[in-house]
Structures are given as structure tokens and as C-alpha cells.
Amino acid sequence: MNERYFGLQDESGRFVRIGVAENSNQASQFEQAGFIEIAKELFDRLKEFVEQVPFLELGALILALDFLRQLRTPRPLRMALSQLPINRRGLFLQQVAFKERMNNLAVQLSRGDITLDEWAGTMQEEIRQHTLQGRVLAVGKKNLDANDLLEVQRDTEEQLMYFENWRSELAVDYGKEDFEGFDAKALARRGRLYANANRKGFEISITQKIGLPRLPVYPTQRSDCGSLCGCHWAIFPIEPRLGHYDCYWGLGDAASCDQCDTRYNVWNPLKVRYGKIMPYYNTPLLYSDGWSISDDNSILFGPDSGAVPVK
Ligand SMILES: [Zn+2]
Ligand SMILES: [Zn+2]
């Protein structure tokens, strides 16, 4: 069977639908309706993406269309750091706005203005949009590529998995006969934890776009502060054509944890030369995987294997 794949945009340039035709009769209907023919691989990606993100203002659907446009105009794989918009201010504002909406949603659910299902549906949508917008703010809408979209999808799925756990916890209480309503503050507090969930993707996308190797860890990963981590990788091109960069762990405004402090000291900078990460003091204190250090900094305590003197 010779299937052909199509996508449709609306008059304001939004990607609104994709479809598959099994024969030329079916295909001509798509063509007459203004669909653009696309590759199967692209169709599969977009399909998941579009289904995941329903039609919303400035939503993923616009991005899907831009993505299509980009495929027609290939661009170099590696970008200069200066070509990326890296909108940290936007990321901050976006997180503030997100937290505000989390608060509002929590109040609505606790008051019974919306049902648990309605709340969950909106939350899922919020999480999807939020993940995507983090990428957009990091690399710019016009620079998003297939890889970005796949990673956004993966990140979104990961977050939605966490959310699903939360939702089912709430559903247990909700179903009880003596249920007296949710605590708005507790709901809001937990909802706000998702605000920073797009930071990791934000940071990863920057390093990827300029052709840096995967850095040892990204903000919010393997640290006590977790999703509250406000740190970032500050990247300085030394000789980008040769793959030389200096990468500093920039501490966030929020109180930082032991791992973030260690990273700040160790990766000061983390040197990348010829596209490779140069050796650094690889102490387990960089990660929150059960290690700690004595007050006088002389002994490391491992998660299960006792103590190790610091050399
Ligand atoms: Zn941090
Ligand atoms: Zn931290």
C-alpha cells in the first residue's frame, strides 16, 4: 500500500490537522483542501505532537507549522551561541505566570468550582505547554527542530507521569464518602513544583544547539534542591569553531543546596576543548546520590560503603 501523508494549516498559519491517504483518490481530497504533503517520518512525529497538544493560542500547533517550514529550508546543525535568543527573563516570567495559574486552579478545585477531572485536564495542558515554551524560550521558535520536538515530547511524558501519580492520589480522597474538599494551599504548593520542570530542557537545548557535548548534569538533576534549582549553565565561547567553550555553573537566586555549591566551585569553569569535556575534580559531592562530607571536609561518606578520606 502506497500511503501518503498530509498536514493542514489554517488561515493564520496554524497547523491544525494531519491526515493519511491510502490511494490517489483520497490524496486528491487532501490536496484540494489545501493539505501539504509531508514525509511519513514527519507525519508520525507531528501526529504524536499534535495529538498531545490540542489547539491553543501560541501553542504547539504554530510550532509544528514552523517546523514544517524549516524542513524546507535546511540550516547548519551547529549554531553560534549568539544566534540563540536564550530568553532567561522570559523563562522567569513564564514561571511566575505558571505559578499564578497553579494557585488559581488549586482554589477552583478546592472550592468545587471545577471537578477533579476538569482540573486534571487543565493541569495536563498546562504542563504540556510549559515544557514546550521552555524550549522555545531557550532556542527561539524558528530554531526548533525535530530533535527539540522529540525531547519536548519525552520531557512532557515524564512530567505527565509524575502528574498522573498525583492525580490518582487525589482521586482516592475525592472518591471517599466523607470527603470534605481539598486543601487549596497544599494543591497550589505541589502544582507550583511543575513551574521549574522545563528548566532542564531549557539548558539542554542550548548546549545541544551550539554543538557542546552533553554536560555532566543539568539544573534540577541529581541535587537536593531538585525541581527548585534555579541554577543555569553559563557558557562562554572561547574558540567555537574548534569546539572550545568554558562552562560555569551559575547559581540561582534561590538558596542553593550543597550539590549546587559544589558544582559552582568545581565547574568554574568546566572546560570543553575540541568538543570534549576536560577532566575536572569528579567528586561524588556533585550529585545528591547519597554522599555527604564531614564538617572539616576531610571525609566523604558514601551511600552504602562507609567513609572515604578526601585526598
Ligand atoms: Zn541549583
Ligand atoms: Zn541545588
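How many residues lie between β4 and β5 in their hairpin, and which residue in the turn has a positive phi? The hairpin leaves four residues between the two strands, and G243 in the turn has a positive phi of about 80°. Please keep in mind that this is a predicted model.

- Four strands, in the order β4-β5-β6-β7, form an open sheet with antiparallel pairing.
- At the edges are β4 (232-239) and β7 (276-277), each of which pairs on one side only.
- Seven bridges link β4 and β5 in the antiparallel sense, and E239 has H244 of β5 as its bridge partner.
- β5 and β6 also run antiparallel, joined by three bridges; here Y245 is partnered by V272 of β6.
- Strand β6 (residues 270-273) pairs with β7 over two bridges, again in the antiparallel sense, and R273 finds its bridge partner in K276 of β7.

**The two faces of β5**
- In a regular strand, side chains alternate between the two faces of the sheet.
- Strand β5 (residues 244-250) has Y245, C247 and W249 on its covered face, while H244, D246, Y248 and G250 are on the uncovered one.

**Helices α4 and α5**
- Two packed helices can be described by the angle and the distance between their axes.
- For helix α4 (residues 88-111) and helix α5 (residues 116-139), the axes come within 11 Å and cross at roughly 180°.
- Angles over 145 degrees count as roughly antiparallel, and α4 and α5 are therefore roughly antiparallel to each other.
- On the α4 side, the contact is made by G90, L91, Q94, F98, R101, L105, Q108 and L109.
- On the α5 side, the contact residues are L116, W119, T122, M123, E126, H130, Q133, G134 and L137.
- By type, the residues of this contact between α4 and α5 divide into eight nonpolar, seven polar and two charged.

**Helix α6 and V152**
- The 29 residues of α6 should span 42 Å at 1.5 Å a residue, and this agrees with the 40 Å between its end C-alpha atoms.
- The buried residues of α6 are D148, L149, V152, D155, T156 and Q159.
- V152, which lies in helix α6 (residues 146-174), counts as buried because it has 26 C-beta neighbours inside 10 Å, and the cut-off is 20 or more.
- Apart from neighbours within four places in sequence, V152 is in contact with T131, L132, R135 and G201.
- V152 and F202 are 50 residues apart in sequence, yet their C-alpha atoms are 9.8 Å apart in space.

Terms used. Residues numbered from 1 in each chain as written. Chains lettered and ligands numbered in written order. Predicted model: local features only at pLDDT ≥ 70, side-chain atom pairs only at ≥ 80, totals over all residues. Axes fitted to C-alpha atoms, helices over the stretch in contact; angles between N-to-C directions. Parallel < 35°, antiparallel > 145°, perpendicular 65-115°, else oblique. Contact = placed C-beta atoms within 7 Å. Nonpolar A, V, L, I, M, F, W, Y, C, P; charged D, E, K, R; others polar. Buried ≥ 20, exposed ≤ 12 C-beta atoms within 10 Å, placed from the backbone. Expected span 1.5 Å × (residues − 1). Pairing = 2+ DSSP bridges.
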